[in-house]
Amino acid sequence: MAKPNELLAASLAELRGVTQSGTRSVVKSEELGRVHRERLQDNGLLEEIMKGWLAVSSRPSVNNRIDAVWSTVYWELVVRYLDDRFADEWRLSAEASVALWSENHYNPRQVIVRSSRCLIPCFDGAMFDLPLRISSRID
C-alpha cells in the first residue's frame, strides 16, 4: 500500500499536468479526478473559487488562501470561465479592455462582459447572467 506522501506526490504530478507545468493557476474541477482533487484540497493546494472552478495555491499554510491570491487568479478565472462558456463570442467592456491593454491588471469592483447570448456584470467577484433580447429592428 502506498504511503500518504507517495499518494500526495501522485496527486501533485496529476496537478502539474493539468496546470501545464505550473503556467496556469485556475483549473476546472472536472480536469482532475475526484480522488486527486479531494486530496489536494485537503492538503490546501487547491481551493474552490466557484462551483466547478479551483485555484492552485502555492502557499497551503496560509489561512484564507483565495483572499491572499485573488488578485493573481482573478483575470485568469474570468478568461477561462468565459472561454469555456462562450468560446470566443464574448467581449469585455471598453473600460476593462483599455485597462488590460495598458497592463493595468487591478481587480475592478465591476466588469461588464457582453456575449451574443447574455450580458454578464461581474461585481465584487460575483457573476450574473442577464439574458439579452436583441431586436432585429432599429428604433
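1. Strand β5, which spans residues 110-115, has a covered face made up of Val111, Val113 and Ser115, and an uncovered face made up of Gln110, Ile112 and Arg114. In a regular strand the side chains alternate between the two faces of the sheet. Strands here, like helices, are DSSP runs numbered from the N terminus, with at least two residues (E) for a strand and at least four (H or I) for a helix.

2. A word on the basis of these remarks: this is a predicted model, in which local features need pLDDT of at least 70 and side-chain atom pairs count only at pLDDT 80 or more, while totals for chains, interfaces and linings use all residues. Residues are numbered from 1 along each chain as its sequence is written, and side-chain values use heavy atoms, with hydrogens and water left out.

3. Strand β5 also runs antiparallel to strand β4 (residues 90-92), to which 3 bridges join it, and two strands are said to pair if DSSP finds at least two bridges between them. Within this arrangement, Trp90 has Ser115 of β5 as its bridge partner.

4. Helix α4, covering residues 94-101, contains Ala96, and this residue is buried, with a relative accessible area of 9%; buried means under 20% relative accessible area, exposed means over 50%, and partly exposed lies in between, with a 1.4 Å probe and protein chains only. Leaving aside residues up to four places away in sequence, Ala96 touches Trp75 and Val111, where a contact means heavy atoms within 4.5 Å. The C-alpha atoms of Ala96 and Ile112 are separated by 7.9 Å, although the two residues are 16 residues apart along the chain.

5. Strand β3 (residues 53-56) pairs with strand β1 (residues 26-28) in the antiparallel sense over 3 bridges, and Val26 stands opposite Ala55 of β3. Strand β2 (residues 46-50) is likewise antiparallel to β3, joined by 4 bridges, with Glu48 standing opposite Leu54. The hairpin of β2 and β3 has 2 residues between the strands, and Gly52 in this hairpin takes a positive phi near 90 degrees.

6. Taken as a whole, the chain has 4 helices and 8 strands, running α-β-α-β-β-α-β-α-β-β-β-β from the N terminus on. Of its 139 residues, 33% count as buried, and among contacts with a separation of 6 or more, 43% involve residues 24 or more positions apart. The chain exposes about 9300 Å², of which carbon and sulfur atoms supply 51%; accessible areas come from the Shrake-Rupley method with a 1.4 Å probe, and for residues only the protein chains shown count as cover.
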